[in-house]
Amino acid sequence: MWKYPDDFDVIVMGGGHAGCEAALASARMGARTLLLTMSLDTIAKMSCNPAVGGVAKGHMVREIDALGGEMGKVTDCTGIQFRMLNATKGPAVWAPRAQADKVAYQFEMKHRLEKTANLEIKQGTIEDLIVENDKIKGVITKEGIIYHTKTLVLSSGTFMRGLLHIGETNYSGGRAGDMPAIGLSASLERLGFDLGRLKTGTPPRVNKRSIDYSLTEEQPGDPGVKFSFDDEGIPRLPQISCHITYTTEQTKHIILGNIHRSPMYSGKIKGIGPRYCPSIEDKIVRFSDKERHQIFLEPEGLGTQEVYVNGVSSSLPFDVQLLFIHSIPALRNAEIMRPAYAIEYDYVTSGQMGPSLETKRVEGLFLAGQINGTSGYEEAAGQGIIAGINAANKVLGRPPLILSRSEAYIGVMIDDLINKGLEEPYRMFTSRAEHRLLLRQDNADLRLRKYGYELGLIDAGRYAKLQHKEKMIEEETLRLGKIFKQINGKGFSLAQLLCRPENTYASLMRDYPEAVADHGEEINLQIELNLKYAGYIDRQTSEVAKLSNLENIRIPTGFDFTAIHGLRNEAKQKLSRVCPLNLGQASRISGVSPADISVLMIALQKR
């Protein structure tokens, strides 16, 4: 073994989407950071679909950007199609989504990492952790190098004891073409961590020239959609369309006739798969009454012919994949370039880390991404930026950044991860957020940019822009309430007129140009939404204030829940395992009832 001559404040293990955001955040905050990854050629690799955003996920990418992260900016300059999902519905569920050029995204993120001050990037695979007196001290790599550090962020993705499945064949790997991380799981188990097993998968990729696009529906993009609140002045790549097609009755018969060859149904796969991104086998079995299932044909980039067949994730043998792909009319002559596969991997079961993402068992050890049981690039990046921020905060002697459920989808996700036992890969949805009208994708900067500025991740110029935006929204919202117009002999304020369903800020500018000024698309939208949904927003704000009372009742560190008379045994077990910081967090633990909270509140008052 050889010790690297320099010590680090933060080491980030893993160069996926969580690791990239963690390393960038900690380095930009002034912590000397090392990003260790198994291969420099796969930093920020999009292992599955080269898409960013979607329902709730798009909200989270905008939150990452508001805090000072990079996922949104990199997507904006490497995206080849942008869309705003749910645009015909209410603003709480509007969600930006983009297809990125897979290779361009990877190279752009790597370039931004390489030019970041305080950040070193090295190729290496962590085999063991150095822990003394329950504190992280360093890591040992497979290459025989010891790196010392004050904090460590583990973002291992699907690599911990990864096992790939294609039909009856299975082999070790972190993803197709990459080796797994074997020693890390054993090291965590020796330290007393409980590990579980999850499963995810990916569909086949086909050659574009072998697709009959005349049998598909074109899905063009939406001009003007973007993720970042900052304009970097980088021109967009050429924009292209995706296409939609469907499975057939023949597809269903082929899959059902070979279902015994799927490792998911033969018992070879032990891990639990994602409920909300099921394989085509699962769809056929669980939704047997459906005649067909939708498929999206999504290009993987401008410089490749590979097309991602979104909707047919599978672990069936290659020969069966070929049969069911060819049963789809638009794909009857499709050339499969990469077969679909499923992958099983280890994760750290919930209840073993706090809201800062630092583990309870080992001080200075933070977890981010799929190691916590989540799925998706966006969920990983959201955890990554928080883990990187809090690792740096710990080194710098600052309090951790903990986002509440009423402040961010990132806060909702982390609160769910630490309080609810996961039985399947976690995916972010708008339905998981009880205050989603407050947590819109369009106001993420108004909610979170102040934190990024205080942490040093947002510069003074960008923060001044935010302050100007806040001022204009407040002033114009008040001003429109004081300007009245006569309509059919009755007086109405412009604010009242804007609340009518048929009116928009743009229509008011057209109808009353002398009274309604154009402040730019972002500010105009905020004024409109603040007035249209004022009653609902006020109601949710009031609910947040009421719930904050529980959040303010702190539970002392080391509190003995087992000694509380009248608390149910299940509640004692769950509370002792999670160790909530306050009564609000305790109330959200699965298995803890409102009656248990009442008993706990009395016990805290007596104390």
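Which side chain meets arginine 112 in a salt bridge? It is that of glutamate 70, at 2.7 Å from N to O.

## The model

This is a predicted model, where local features need pLDDT of at least 70, side-chain atom pairs count only at pLDDT 80 or more, and totals for chains, interfaces and linings use all residues. Residues are numbered from 1 along each chain as its sequence is written, and side-chain values use heavy atoms, leaving out hydrogens and water.

## Salt bridges

A salt bridge is a side-chain nitrogen of Lys or Arg within 4 Å of a carboxyl oxygen of Asp or Glu. By this rule there are 50 salt bridges.

Return to arginine 112 and glutamate 70. The pair links distant parts of the chain, 42 residues apart. Arginine 112 lies in helix H4 (residues 102-114). Glutamate 70 sits in the loop between H2 and helix H3 (71-78). Helices are DSSP runs (H or I, at least four residues), numbered from the N terminus. Both residues are buried. Buried means under 20% relative accessible area, exposed over 50%, and partly exposed in between (1.4 Å probe, protein chains only).

Arginine 568 forms a salt bridge with aspartate 596, with the closest N and O atoms 2.7 Å apart. Arginine 568 is partly exposed, at 35% relative accessibility. Aspartate 596 is buried, at 2%.

## Helix H12

Helix H12 covers residues 444-455.

Among the buried residues of H12 are Leu448 and Tyr451. Glycine 456 follows H12, and its phi is positive, near 90 degrees.

Note on methods: Helices (H or I, at least four residues) and strands (E, at least two) are DSSP runs, numbered from the N terminus. The expected span of a helix is 1.5 Å times one less than its number of residues.
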